[in-house]
Amino acid sequence: MMIRRTIVNILVDFLLLLSSKVLTSPAVRKLGKENNIDLSTVKGSGPNGRVLKSDVLRLIPQNGNVRVSNTSSTPAMAYARNNENDDSIPLSLPQEDEIVPIRGYHRLMVKSMVSSLTVPHMVYTDEINVTALQSLRATLKPFAADKGIKLTLLPFFLKAASLALKQFPTINSSIDMDRMELRVHKKHDLGVAVDTERGLVVVVVRGCEGRSVEGIAVELTRLFALAAEGNLTEQDISNPTFTLSNIGAIGGTYMSPVVLPPQVAIGGRLLCRCNLDFKYVQALTKSFFITNTNLSSKIHSAMGKIQRLPRFVNDSSTEVEAVQIMPISWGGDHRAIDGATMARFSNAWKYYVENPQAMIFEMR
């Protein structure tokens, strides 16, 4: 049946060609007539030179309306006629795609993400009750303001990470695949993702193991001010040993964070916004993104937005209370760390965040 129909179509096209008529369909013929287009002058792009609808549409001016018949048996066409002021229906004409070169900071990010594909990832997620921490921050904000410090949750998250890293030092390390060695970093140089118009840049708070929450807040204030002015140095953005990032400042809850070589860990609700000069960021980020891929990070984490949600007071209670919940996602390099270690580290960080008095007790 299909062969017979194909033969009939070929014969019809051949007869039309012999009669010197334009080879096209009745619908296209009608479209050309309604838009005053002589189809005999149109070069057809279909089989055997058949004039297609797209061939006619290309000849209609970009800012013009395509005229089509107001007689149609379909409900869609009837609806269109009832919602137009006249008997014409404007159709969108084909537009050319935009080509955007991948350059500068974007190109560096592409290269770093390609290198991250060599890392066998694993992901661990949990949720954190930050109600007590929010209350403590509200109490301390006036004291910080008197010293010119804008106190956010960020310094607490960084200090909690540093305290947890003391218990699980292998999280704060790098793996060298050439030498098959694990380098455990004694210093806690913690990176914080800063959102810019051109993408993310990571500023580094160095020596968090020896800083108080106030000291971390002061350093963050300095780094964010330099970022806003475009005056960050290479020292301010290079070689973090562990990084915290945050999608929650924009929206969303859980995500799968990507381990970024040469780091082994990343985490947190720490996405900040600054306007940075593109060329300046491009020059500085080479030292961070173009690195030795034999040294790779083990864990990367991302925090979601804080939400007010109902939760039972405890496991044995039927009483429900409203609490502030923040999701956390950890991504790890399975070559250097196992799931149990990642879970224990996450639990330690969670304990300090949910019980900030313990954080204060252990700080120097």
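The accessible surface of the protein chain comes to about 20300 Å², and 55% of that area belongs to carbon and sulfur atoms. The model is a predicted one, and buried residues make up 44% of the 364 residues in the protein chain. In secondary structure, the chain comes to twelve helices and eleven strands. Among its contacts with a separation of 6 or more, 71% are accounted for by residues 24 or more positions apart.

The protein chain averages a pLDDT of 76, and 69% of the residues score at least 70. Over residues 84-89 the pLDDT stays under 50, and for this stretch the model has ten contacts beyond four places in sequence. Residues 268-297 also have a pLDDT below 50, yet this stretch has 129 contacts in the model beyond near neighbours in sequence.

F242 lies in strand β6 (residues 242-246) and F345 in helix α11 (residues 339-354), so the pair ties together parts of the chain that are 103 residues apart in sequence. Both partners, F242 and F345, are buried.

F345 also pairs with W330, and here the ring centres are 5.2 Å apart with the planes at 80°, so this pair too is edge-to-face. Since W330 belongs to strand β11 (residues 320-333) while F345 is in helix α11, the pair ties together parts that are 15 residues apart in sequence. W330 is buried, as is F345. Taken with F157 and W349, the residues F242, W330 and F345 form one aromatic cluster.

Six bridges join β10 to β11, and the two strands run antiparallel. Within this pairing, F312 stands opposite V320 in β11. Strand β10, which covers residues 307-312, is hardly covered, for the count of buried residues among its six residues is zero.

Two further residues, each in a helix, show what burial looks like at the level of a single side chain. D55 is found in helix α3, which spans residues 53-57. Its relative accessibility is 3%, and because buried means under 20%, D55 counts as buried. A polar atom of the D55 side chain lies 2.9 Å from the backbone nitrogen of L52. When residues up to four places away in sequence are left out, D55 touches V42, K43, G44, S45, G46 and R50.

With a relative accessible area of 0%, S162 is buried. Not counting residues up to four places away in sequence, S162 touches H188, L190, C208 and E209.

Key:
Residues numbered from 1 in each chain as written. Heavy atoms only, no water. Helix = DSSP H or I, 4+ residues; strand = E, 2+ residues; numbered from the N terminus. Buried < 20%, exposed > 50% of the residue type's maximum accessible area, 1.4 Å probe, protein only. Polar contact = N/O pair within 3.5 Å; in protein donor to acceptor, adjacent residues only side chain to side chain. Contact = heavy atoms within 4.5 Å. pLDDT = per-residue confidence, 0-100. Phe/Tyr/Trp six-rings, centres within 6.5 Å; stacked < 30°, edge-to-face > 60°. Pairing = 2+ DSSP bridges. Areas by Shrake-Rupley, 256 points an atom, 1.4 Å probe, with all protein chains shown as cover.
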